[in-house]
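Try each task before reading its solution.

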Amino acid sequence: AERLEARPLLATIVLQGPTQSTDATLSPFENQGANIGGTPTLDLFRNYQGTSRHAVLRFDLASVTSVGTATLGLYQMPTNTIGTGPMTVELYAVSRSWLEGTGTDPYGSAGGVSWTEATDSPDNWTQPGGDYNTTFNFGNGANGKIATGTLSNTTLGTWINFNVTAAVTAWKNGTIANNGFLLKLTSGTGVQYPVASSENSNVSLAPKLTVGPPAPLPSISIVG
């Protein structure tokens with residue numbers, strides 16, 4: 001008789017929506033202590049002087065058992081843009097925990113993460129704009145950079161994808177703590193490109209993390 005070795009089922013997992021992720025915009029403009037964690041978009045903006053908003057985004061990885069590939073998808077909204085030039089977005093790993101909050105007013109005082117605070121006052125970031133890892137090698141050198149993407153007026157209404165396999169692997173194996181991604185804008189002049197947030201009314205546009213299983217193991221048959 002032929003006996004086949006039993007193996008666990010490996011499947012691709014897609015994490016998306018407010019039960020799977022948290023996110024917020026961090027703005028150095030308006031009120032720097034304002035929480036913007038409840039808006040339907042993350043409004044990525046960089047002014048003519050090179051000052052820019054950041055954003056933080058974290059996924060719950062409890063349902064992920066193994067990592068072969070991992071892709072972060074951000075949906076670039078087709079409206080509410082400023083300017084037309086390209087904007088470079090770099091991803092880093094946030095180095096401390098933070099509280100999403102439900103604020104929607106950039107001039108308000110709602111509690112939660114902001115440009116200056118990780119949770120609520122007086123729990124300040126060490127560095128305004130968010131503390132993030134600058135030394136881990138995610139495959140781009142020992143600089144903490146996870147991945148890079150570009151938004152422009154030619155990518156409106158499309159998904160911008162980032163290869164984040166190294167980061168998700170490091171989070172799952174406990175090499176570094178999963179405090180999520182920090183989105184940092186490193187180029188662009190007078191441009192704003194909103195991306196859908198986890199609070200977007202259309203959950204199918206919310207940030208999504210697609211985790212694929214490792215490559216299939218070779219088939220083994222034991223005959224006897």
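Two residues are in contact when they have heavy atoms within 4.5 Å. Keep in mind that the model is predicted.

**Exercise 1.** Find where S114 lies, say whether S114 is buried or exposed, and list what S114 touches.

*Solution.* Start with the location: S114 sits in the loop that runs between β7 (87-93) and β8 (147-151). Next, take the accessibility: buried means under 20% relative accessible area. S114 has 0% relative accessibility, so S114 counts as buried. Finally, look at the neighbours, leaving out residues up to four places away in sequence: S114 touches L26, Q32, G33, A34, N35 and W125.

**Exercise 2.** Describe the secondary structure of the chain and the order of its elements.

*Solution.* Count first: the chain has 13 strands and 1 helix. Then read along the sequence, which gives β-β-β-β-β-β-β-β-β-α-β-β-β-β.

**Exercise 3.** Does the radius of gyration of the chain agree or disagree with that of a compact globule?

*Solution.* For 224 residues, a compact globule would have a radius of gyration near 17 Å; the chain has 19 Å, which agrees. For the extents, the C-alpha trace spans about 75 × 40 × 35 Å along its principal axes.

Note on methods: Residues are numbered from 1 along each chain as its sequence is written. This is a predicted model: local features need pLDDT of at least 70, side-chain atom pairs count only at pLDDT 80 or more; totals for chains, interfaces and linings use all residues. Side-chain values use heavy atoms; hydrogens and water are left out. Helices (H or I, at least four residues) and strands (E, at least two) are DSSP runs, numbered from the N terminus. The radius of gyration is taken over C-alpha atoms; the globule rule is 2.2 Å times the number of residues to the power 0.38. Buried means under 20% relative accessible area, exposed over 50%, partly exposed in between (1.4 Å probe, protein chains only).
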